[in-house]
Amino acid sequence: MFKRKIYAFAQEYFYAPNLWQKCLAIALLPLSVLYCAGVILKAKFSKALEFGVPIISIGNLTLGGSGKTPLGIAILNEFEGGFVVLRGYGRASKGLIKVAVSGEILVGVTASGDEAMEYAKSVKNANVIVSENRDIAIKEALNLGAKYVLLDDGFGKFHIKKFNVLIRPSSKPYFDFVLPSGAYRYPSKFYAKADYVVKEGEDFTRESEILNPTPKMVLVTAIANPQRLEPYFSLCIGREIYPDHYGFSRDELASILERYAATSLLVTRKDAVKMEEFGLPLSVIALKTTLADKFKRIIKEKIL
């Protein structure tokens, strides 16, 4: 419960601050200046190294979700032979873990983390590796025959030579400050450091549908920026928002169903991979991202 309160505070603080939260953000500006200086120096003095394989990075400058995973899934499904490398936030394991190779899922969601498992279950013949050390993971992907590597959230790995794709989030933070005064992990001017900034409607489109809808759904989610799900709020009899990457238990989900007298839990694919084994009624928001021809040509050129 405490984590949920902290998460709710952070969402308000970064995106819709009240007066005293605005004052707090201004008071923390000296720390933001120090943080910003550190990021700029790291970017300036990092030497980009070649790894002998084309590397595409999908990233964003702000905290939280901006649709990196659906875009990454679309790229991997469009171009065969790719390995996705990511940290595996929220997983119970450590070190390098091969989550899926040639479509065979090798570990459970506890070891992989939710985003990695979403890749494993959504990409044809998926190849997924999680590791805190992206360098080691890229080398392992190369050993396993990767034609290219997709780095999920790899923008800040300045020492890796890669094609940097940045996504502008649909929900813009209230202040253009870096942490802790604002939601930016990197200065907003770093958009200029991207090789390509994608725009929805121009470079890709998104469509969504609810799989297995029921009359009385309660929304339960643990994704970053849950306001992205606002179009579904009116379809539900209630909603329960948890911190990003939260590990659900069967008992607490069953309790939610009972408390609301709900007929199903409405969840995202990222949430669903952590709930499927519980045997509870799920309605899943299926998001499909389609790449525009222009963006396909750009990615194809970099892969080749």
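The following exercises, with worked solutions, concern a predicted model.

Local features require pLDDT of at least 70 and side-chain atom pairs pLDDT 80 or more, while totals for chains, interfaces and linings use all residues. Residues are numbered from 1 along each chain as its sequence is written, and side-chain values use heavy atoms, with hydrogens and water left out.

**Exercise 1.** Determine which strands stand at the edges of the open sheet of five strands.

*Solution.* Begin with the strand order, S9-S13-S12-S10-S11, in which the pairing is mixed; strands are DSSP runs of E with at least two residues, helices runs of H or I with at least four, and two strands pair if DSSP finds at least two bridges between them. Strands S9 (204-211) and S11 (236-241) each have a single partner strand, so one side of each lacks a neighbour in the sheet. Next, S10 (residues 217-221) pairs with S11 in the parallel sense over five bridges. Within S11, Glu240 is the bridge partner of Val220.

**Exercise 2.** State whether Glu118 is buried or exposed, and identify the nearest side chain of opposite charge.

*Solution.* Glu118 lies in helix H6 (residues 114-122). Glu118 is buried (under 20% relative accessible area with a 1.4 Å probe, protein chains only; exposed is over 50%, partly exposed in between). The nearest oppositely charged side chain is Arg269, 5.8 Å away; Lys and Arg count as positive, Asp and Glu as negative, and His and the chain ends are not counted. Glu118 has no salt bridge, a term requiring a side-chain nitrogen of Lys or Arg within 4 Å of a carboxyl oxygen of Asp or Glu.
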